[in-house]
Amino acid sequence: MKISPVLWSRPLKNGLYQIKIRVYQNGKSSFLNTGYSVERKYWNPKTHNVRSSHPDENEINTIITQLVLKIRQDSTNELSSPKGVHTVRSVFLELIREFESLNSIGVSKRYKVVLKHLETCRLDNKSINDFSNDDRVLFNTHLSSNARIAMNTQASYNKVLRRVFNYCKEKKYLINSNPYEGVKIKDGATKSKNSLNHNQLNDLKEAIIGEKMNVSNRLTTMAMFIFSLHSYGMRFSDVVTLKWSNFNDGKLKYVTRKDNKTHITVNLLEEHYELLRLFIPQPYYVSVFENGLFRDGFNTSSLTTLQAELYKVELEYYEFRRLIYQRADSIEQSTRDRELVSAQLNPTEKNTFSKLIQRRSALNKKLVDSYLNSYADNKSNYVFPMLPNKRMTAKEEHSLIGSKNTIVNSNLKLISQALGIPKISFHCARHSFAVNQYLATKDIYSLSRALHHKSISVTTEYLVSLDLDIANETNKEFSKESRDSYTF
């Protein structure tokens, strides 16, 4: 086995080159991504490390050394097995290295957890061909009785072990029968997952406007949730790591972090532009608010023509909203949805307000596009200000995403309580998209493709929250259509 740090031959979009660890064994090469990238001039091909002229030379070279030592240690553990014998541990380590080379940090962590449980059962050093049904039962007994793992998590761990044996079969490591062949892995009872209807989602959008467009932790949380909803239920890890460079020509393009291979394209809607406008850097966007209040006597002479025009339209828009809510004071708070509030306008005012909204949306789009089409250096920054704009290893970024997800879910819990809507987490944006899209189209196949599910059965689980009330309404519609066509 030969292990050597190398500079990847193809540059990234930003012109930097990735540093990877090349592992050459049995005539094949595999590569582990370090998470760092540098200009070619900073790489020393003779010593296989970063030159001292690089500002982060010490940090990067330390990480490279640690990764090389770790790979050597893992290979030593594998070689402790008899030659030609593939143990459960050796195959797990082989797959973990492969996942880490692809930056699939979450997947590699799950495999490490399962391997740890196998070590506790003393099944890790067992030959792949000696692993029997009895060993599978022993593993599950440990998970349920000793580790007290929940049913759904047990199912997840068993699926990992099944994938390992399928991998061994493909690689021809496995000669005997697969202990998971023909075994159905049972998940726990599927829980009903909260999703928001149109009125509740409108309440959330109104709450964003109520924040007076001052970017804060609370506003960022709500903006990310709504952004996910309008992007086919985008997962948190994909939303929080979005960069301005992901947007081009009216489209959002990204690769899902869940598998690091699924390419998704989303056509940008007015809602996207409305949210993106809040986070584009100065001097592109100038808010009509400062510290939660209107800017008094703000001089727009320093603004561009586009900024000044949008600034003026924003003032007119909020003046209309003030007028609407003044007239709606007699209406109970619980009934204040958008349609009812807009009913406070007379036909002429409603027509004016409608044109104002259209003009505002067009200017929002124009302003955001002006930034996206610019050559600004900060387009490699994250869109939503949750993660630091600095170089991080894949492991560091993965860990930080998890902690930010916890913070966002805590925020959403408080927000949902304040708005009087069902308790939600960020993943509820995905369920809300699924339920509302299905109710609008009744097309589960298109929905499954939009969510990029592997099977319709997974999509069906997302629709558990369609309760009997909705089923009853659907039944009434079917009955009415039937009676109109075929009366008794």
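Colleague: Why does C428 count as buried?

Modeller: C428 has 7% relative accessibility. Buried means under 20% relative accessible area, exposed means over 50%, and partly exposed lies in between, with a 1.4 Å probe and protein chains only. The 7% of C428 is under 20%, so C428 counts as buried.

Colleague: What kind of model is this, and which residues and atoms count?

Modeller: It is a predicted model, in which local features need pLDDT of at least 70 and side-chain atom pairs count only at pLDDT 80 or more, while totals for chains, interfaces and linings use all residues. Residues are numbered from 1 along each chain as its sequence is written, and side-chain values use heavy atoms, with hydrogens and water left out.

Colleague: Why does C168 count as buried?

Modeller: C168 has 0% relative accessibility, so C168 counts as buried.

Colleague: How many disulfides does a search of the whole structure find?

Modeller: The search finds 0 disulfides. A disulfide is a pair of cysteine sulfur atoms within 2.5 Å.

Colleague: What makes N61 buried rather than exposed?

Modeller: N61 counts as buried because its relative accessibility is 11%. N61 is in helix α1 (residues 57-79); helices are DSSP runs of H or I with at least four residues, strands are runs of E with at least two, and numbering starts from the N terminus. N49 is 12 residues from N61 in sequence, and their C-alpha atoms are 6.2 Å apart.

Colleague: How many cavities are there by this rule?

Modeller: There are 2 cavities of 30 Å³ or more. A cavity is a set of points on a 1 Å grid over the protein atoms alone where a 1.4 Å probe fits but cannot get out, and lining residues have an atom within 4 Å of a point. Points are joined across faces, edges and corners, and a volume is the space filled by probe spheres set on the points. The largest cavity has a volume of about 50 Å³.

Colleague: Which residues line the largest cavity?

Modeller: Among them are R277, Y284, V286, Q307 and E314. Helix α10 (residues 305-327) gives the most, with 4 residues.

Colleague: What is the order of the open sheet of 3 strands?

Modeller: The order is β1-β2-β3, with antiparallel pairing. The edge strands are β1 (2-11) and β3 (28-38), each pairing on one side only.

Colleague: Over how many bridges do β2 and β3 pair?

Modeller: β2 and β3 pair over 8 bridges, in the antiparallel sense. Their hairpin has 2 residues between the strands, and N26 in the turn has a positive phi of about 55°.

Technical notes:
1 Å grid on protein atoms, 1.4 Å probe; cavity = no way out; pocket = protein on both sides within 12 Å on 5 of 7 lines; lining within 4 Å. Pairing = 2+ DSSP bridges.
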